[in-house]
Amino acid sequence: MILKKIFQIILVLTVFSGFNRIARADEPVTPRITATYAKLSDGTKRISIALSARQNDKRVNIPDAALQIIAQNEAIKTILGNVITNQQGKASLDIEPGTTLPRDQDGYTFMVLFGGNTKLDKTSQSIHATEAFLEISLNEKDTIKTITARVIKHNEKGEKVGIPDVPVEFNVKRLFCLYPIGNEKTDSLGSCSLEFPSTMPGDKNGKVTIVVRMPDNETYGTVEESKDINWGTLLVYKVKPIRGLGDTDAPLWMVYTLLVLLTGVWLHVVYIIVLVIRINIIGKKAIKS
Amino acid sequence: MSQQEIAQQKLVEIFAHFGKPSKFSKGLFIFLILIVLFAFYALILQMTRGQIVTGMRDYVIWGIYEVNFIFFIGISYAGAMISGILHLLHVEWRKPIIRIAEMITVISVLIGPLYVLLSMGRMDRFLHIFEYGRIQSPIVWDVIAITTYLTCSILFLYLALIRDYALLRDNQELKISSFRKKIYRKLAVTYHELPLQKKLLNRGLSVMSAIIIPLAVLVHSVLAWIFGMTIRPGWHSTIFAPYFVIAAVFSGTAVLIIAMWIFRKYYHLEEYITEKHFKYIGLILLVLAGLYGYFTFSEYLTVWYGSETWELEVIYKLFDFSDYGAWFYLAAFAGVLIPMLFTGIPFFRNINTITIGAVIAVVCMWIKRYLIIVPTLETPLLPNQDYRPEYVHYHASWVEWSLTAGGVALFFLFFMIFIRFMPIIPVADISEVPENKEFISEKL
Amino acid sequence: MKQKSNKKTSRRNFLKSSITVAAGTVLGGSLLASFTKGETKESGEKTKLLTPDGQLVEVDKSHCHECPGTGMAARQGLLNKKMVMVIDLAKCRNARKCVQECQKMHNLPPHKEWIRLYLMRDSLLTAPYWFPKPCLHCNNPPCVKVCPVGATFKRTDGIVLIDNERCIGCKFCMAACPYSSRVFNWEEPVLDKNSKKGPYSPETSVPPRIGTVSKCDFCPDMVRKGELPSCVTACPNGVYFYGDQNEDAVTNGNETVRFSELIHDRSAYRFMEELGTEPSVFYLPPVDRAFDYKVGFEGLSDEEIALYKKEAKITD
């Protein structure tokens, strides 16, 4: 497999370098498709694609290109959909859990097709992913919290067997990203474990989401699994509505001072108006009498 | 002759000058209207195209609109402080000039706040202040204080006018249209110099003059706090409120002197407004100039001595001749020392020199307020690394200048309209026999 | 099945563009149609949404009404969050990508910068360094104190926003802000076609309005979706770290670190702490710099370089 990949790269490189030497402005170049497969913790399968081409000895990303993704085995071909690359030349397709895909003995084969246009040749790339699973078990013993992860696959007989010697990342889910808490390698039984840090903030119930992943593996792609547990420190964050300069409500002394000043002045204004009215009444009476 | 008859006679005498507008005043009126119309055009332009037509930009966010605002509110001190204090102290010679002073107050408090509206990006949302007002904000203090102040100064002016309206109502000699008579009758509220009426009126005047003094102090303090409450060099100073108050009384008094001179000259009130009035008010101006100079010295000495980097940056902009130096020395020295010279030294002291001193004081006070606002805004805490010159240095645009001119024109226009409807000299007051043998005017 | 593309195109746009781009290629429209049946009712685009109780859920974009939050939701802030930013001065080289992406995202004209880049030099004996400055979202904000109408406000999640439907344009907040973080819409803003659609929300600050103040808003609409603001993702050097202080994690898109450890280990400071404004933005001092400050002059006009040099008192 590795040899195949290296061979592919060498082939692509030689093709491109050869191309560059003879390339003219109007001659199309063959772009490169890089595709990776990941199984996310909710069961979604994601195919991420990057499309680039070599231009003037520089690798440039190709935006706004349509790509078709096909899942296939020896018997059937299913078109999964089309995606368009973004400004960074990247696109991804999510396959929701429960979608039936054509599969072979141990996994799936995906094919990414680029149709080509006047400047770019058409090309394709296929990836194969052997289906692997991650199992998480969480144990707490004498305040020591341990996460144990086991990476397994099904053998020919359909039995679960551990995958040994693969790296496993342990993370805690945060607002924008995963926060890594440690990396381990699986043992001969395919499992590894890590102590959960004691000071990891959780939500107000102490809940944290632990995400364990086997990162990008040639055979299995990325496999991710997550579990919620109340191992985090409790969040105490209350913003009390207070009276202050920067708040909606003013400090009470300010309200009182303003009220006192305003009533003080406006009472005098009222008093003056009353005086004028009295002067008027006195005058009217005088005229009558 | 009874006191009433004397008063009626004086009324006719004084109104003789105002009865028919002269050619000059007609011309002046039209000229002022034209200026106001041009300012209105500038206003329309600013409202339709936004404040991009002004010289204000992201760093210097306030310009001469704010300068004019402080300036006009400062001028309003003429009526509030001079007239209020002199009333409370029963100074008899105040009587011929209090009407002018109180008119200055009302007119300038009407015009000043217009500049706050002009410096607002969204004048159309002005009512949001009442809808969403937060009393933590000095701007809300300002709105509350100025509306109260305007109400009180209008009442103060009106109370002192009741007796004159009564005279106008009862006057037979002057040709007053029946419509105007009707208005005078309403405004005079059946006042007939009855002893009880007079007592109540005097009580009202005393209360009003007592309340208007602290109110005026508060208004200008609040104005100073708009600047004082921000963390900015040249603004964030504890003496800012009293400094502004003194500056305001100083400029208000100076404007009163100028107004006295103009009325004396063009309406021939020499017999009422005499050289003595100028000398007395001149002495008040002298004291205020001294106080103002003292505050200025104290403010800049403290900041310079403390030599905080940020503060020094502003101070050096003011001291440096290549920057604002010339203006600063003019405003801080000439604006204080020349009025002091003309009012303080008997040799130089006469009606014209005192008035020249007052003009210099008023102009310099305007410049000083410019120097308080603009150099500070041109000195942000983080350096201004904008390479567009208009974002670094403020230059008022023609729109701002024409609206400034419009405000000044409006000030004179209001005066010209006001004096047609109310006697510029409180006739009833000066016709009274003074309680003591103190000087009122040469005539009495 | 859902289509995912970082370029936020709706399903309809997507179909249209895919047809135009794919026209004349081996991909036929019929193949495409065969697989998209029953999907057109929803926009097809999923978006992450932070619910009021602080949970991230994924919903279809057509169901997302409170994204961004409007009305009272926009004034209160995200529950149990306290957004903080850490800016690593050692890595900044004035690439200005943050400024450009921010302007793109908020539909700002070229010179209206919510993030300003300063060339700072603390004294003549020390070396200059680049200093990116967004709004510092102070916990004791001088701008909020002075606003007469409550148009600018501090939320429970630490974000200071402006409601430009309430702002009266008095500019008092601009005078009060010691950091010159605020800019004014001096003239009618020109909107480009790509700007965000939908009703105005203080959380997006789009569309801007003439005669009102605007500033960096810490992108709460992005936080609601669980996405990073564009200044963070645009920075090629990972200068900006953004995150929730209550989760004690900040990320620059590539690495996620404990906030408390980062500011402790790297001796973070807040700009002008002595002003008492308590900013939510922390700076990591420019030690062991990744770039010489001169690298930052690349691509600037001679005028700009001359001005920066003058300001930082660089003589060479």
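In this predicted model, six bridges connect strand β2(A) with strand β6 of chain A, residues 90–95, and the two run antiparallel. Within this pairing, Ile49(A) is placed opposite Ala91(A) of β6(A).

**The strands around β2(A)**

Strand β2(A), residues 45–55, also pairs with β1(A), in the antiparallel sense and over eight bridges. One of the positions in that pairing is Thr34(A), whose bridge partner in β2(A) is Ala50(A).

| Partner of β2(A) | Sense | Bridges |
|---|---|---|
| β1(A) | antiparallel | eight bridges |
| β6(A) | antiparallel | six bridges |

Val29(A) is found in the loop that lies between α1 (2–22) and β1 (32–39) of chain A. Is Val29(A) buried, exposed or partly exposed? Val29(A) counts as partly exposed because 17 C-beta neighbours lie inside 10 Å. Its C-alpha atom is separated by 19 Å from that of Gln68(A), a residue 39 places away along the chain.

Chain A is divided into domain 1, residues 2–130, and domain 2, residues 132–229. Nine residues from domain 1 of chain A and 13 residues from domain 2 of chain A take part in the contact. On the side of domain 1 that touches domain 2, the elements giving two or more residues are β1 and β8 (123–130) of chain A. Strand β1(A) gives the most to that side, with four residues. By class, the side of domain 1 of chain A that touches domain 2 of chain A has four nonpolar, three polar and two charged residues.

**Chain A against chain B**

Between the chains, 21 residues of chain A are in contact with 24 residues of chain B. The side of chain A that touches chain B divides into 16 nonpolar, three polar and two charged residues.

Helix α2 of chain B holds 27 residues, 23–49. At 1.5 Å a residue the helix should span 39 Å, and its end C-alpha atoms are 39 Å apart, so the two values agree. Which residues of α2(B) are buried? They are Leu32(B), Val36(B), Ala39(B) and Ala42(B). The cover over these buried residues includes α16 (398–421) of chain B. Just after α2(B), Gly50(B) takes a positive phi of about 90°.

The largest nonpolar core has 270 residues. Among those with the most contacts inside this core are Leu67(A), Ile100(B), Phe250(B) and Tyr240(C). Helix α7 of chain B, residues 138–170, gives the most to the core, with 19 residues. When neighbours within four places in sequence are left aside, Ile100(B) is in contact with Leu256(B), Ala259(B), Met260(B), Phe263(B) and Ile424(B).

Note on methods:
Residues numbered from 1 in each chain as written. Chains lettered and ligands numbered in written order. Predicted model: local features only at pLDDT ≥ 70, side-chain atom pairs only at ≥ 80, totals over all residues. Buried ≥ 20, exposed ≤ 12 C-beta atoms within 10 Å, placed from the backbone. Contact = placed C-beta atoms within 7 Å. Nonpolar A, V, L, I, M, F, W, Y, C, P; charged D, E, K, R; others polar. Expected span 1.5 Å × (residues − 1). Core = buried A, V, L, I, M, F, W, Y, C linked by C-beta atoms within 7 Å. Pairing = 2+ DSSP bridges. Domains from an automatic or database assignment.
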